[in-house]
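Thanks, everyone. Have a look at the model on the screen, and I'll walk you through a few of its helices.

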Amino acid sequence: MTRSGRSGVLGGRPAATTRGRLSSIAIDLFTTRGFDETSVDDIATAAGIARRTLFRYYPSKNSIPWGEFDEHLDGLRDLLRASPADAPLGVTLRDALIAFNTVPDSERAEHRQRMSLLLGVPALQAHSMIMYADWRRVIADHCAARLDVPAESHIPQTVAWLTLGTALAAYDQWLLDDDADLTALLRAGSDVLIHGVSSLTA
């Protein structure tokens, strides 16, 4: 769910901070050497910092490919909060999903590398589930506010899973074809999401 410093399902901004820069360095190493073959010491050396310094920014090797994930979740919240109150729920989800995952051409190559790692490296899958849970929570909170129900209840959670699935399916197809249009894939998947959510009252 990435531009520099942001995970794929998630979109991003150029890596202007130390955390973003470290993630970009690691992405290059993971792509050229392999994830399992690249150590934390390798990343720290390439970045010109001490191992202990790297751990001030990331708690584990598995968290590094996700970049500035917490900050970008705030960006997703802002997109959803800014959506028109009179827009259908499915439309607000589609528009936020597309805006959040819009990638400038200059960042497309790194974005593809990052998402290939996050979706294709077995060692990252368990950690990815933790990150996806935080991402789904943002979606569920938005749905809950629109529907006036608890975020933990069935419908917001179902919509959150549907929205995540829409994003992951788009990325899966995008990674299979260098010429694929990510925005078009997200939009096509979102049409299905909008149809499913249209039965709700918000």
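First, a word on terms: a helix here is a DSSP run of H or I with at least four residues, and helices are numbered from the N terminus. One caution as well: this is a predicted model.

Start with helix 1, residues 18-33. Just after that helix, Gly 34 takes a positive phi of about 105°. Helix 1 itself has 16 residues. From first C-alpha to last, helix 1 reaches 22 Å, close to the 22 Å expected at 1.5 Å a residue.

Which residues of helix 1 are buried? Here they are: Arg 19, Gly 20, Leu 22, Ser 23, Ser 24, Ile 25, Ala 26, Ile 27, Leu 29 and Phe 30. Their cover includes helix 2 (40-47), helix 3 (51-57), helix 4 (69-81) and helix 6.

Next, a helix pair. Take helix 5, residues 89-100, and helix 7, residues 122-147. Their axes come within 11 Å. They cross at roughly 150°. An angle over 145 degrees counts as roughly antiparallel, so helix 5 and helix 7 are roughly antiparallel to each other. The crossing of the two is right-handed.

Who makes the contact? From helix 5, we have Leu 89, Thr 92, Leu 93, Leu 97 and Phe 100. From helix 7, the partners are Trp 135, Ile 139, His 142, Cys 143 and Arg 146. Sorted by class, this contact of helix 5 with helix 7 has seven nonpolar residues, two polar and one charged.

Let's stop at one of those residues, His 142, in helix 7. Is His 142 buried or exposed? Buried means under 20% relative accessible area. His 142 has 11%, so His 142 is buried. Leaving out residues up to four places away in sequence, His 142 touches Leu 80, Ser 83, Leu 89, Thr 92 and Leu 93. Now compare Glu 107. Glu 107 and His 142 are 35 residues apart in sequence. In space they are 29 Å apart, C-alpha to C-alpha.

Last stop: helix 9, residues 182-197. Helix 9 has 16 residues, so at 1.5 Å a residue it should span 22 Å. The end C-alpha atoms of helix 9 are 22 Å apart, which agrees. The buried residues of helix 9 are Leu 182, Leu 186, Ser 190, Leu 193, Ile 194 and Val 197. What covers them? Among the elements doing so are helix 5, helix 6 (108-120) and helix 8 (154-176).

Note on methods:
Residues are numbered from 1 along each chain as its sequence is written. This is a predicted model: local features need pLDDT of at least 70, side-chain atom pairs count only at pLDDT 80 or more; totals for chains, interfaces and linings use all residues. Side-chain values use heavy atoms; hydrogens and water are left out. Axes are lines fitted to C-alpha atoms, for helices over the stretch in contact, and angles run from 0 to 180 degrees between N-to-C directions. Angles under 35 degrees count as roughly parallel, over 145 as roughly antiparallel, 65 to 115 as roughly perpendicular and the rest as oblique. A crossing is left-handed if the near helix is turned anticlockwise from the far one by less than a right angle, and right-handed if clockwise. Contact means heavy atoms within 4.5 Å. Ala, Val, Leu, Ile, Met, Phe, Trp, Tyr, Cys and Pro count as nonpolar, Asp, Glu, Lys and Arg as charged, and the others, Gly among them, as polar. The expected span of a helix is 1.5 Å times one less than its number of residues. Buried means under 20% relative accessible area, exposed over 50%, partly exposed in between (1.4 Å probe, protein chains only).
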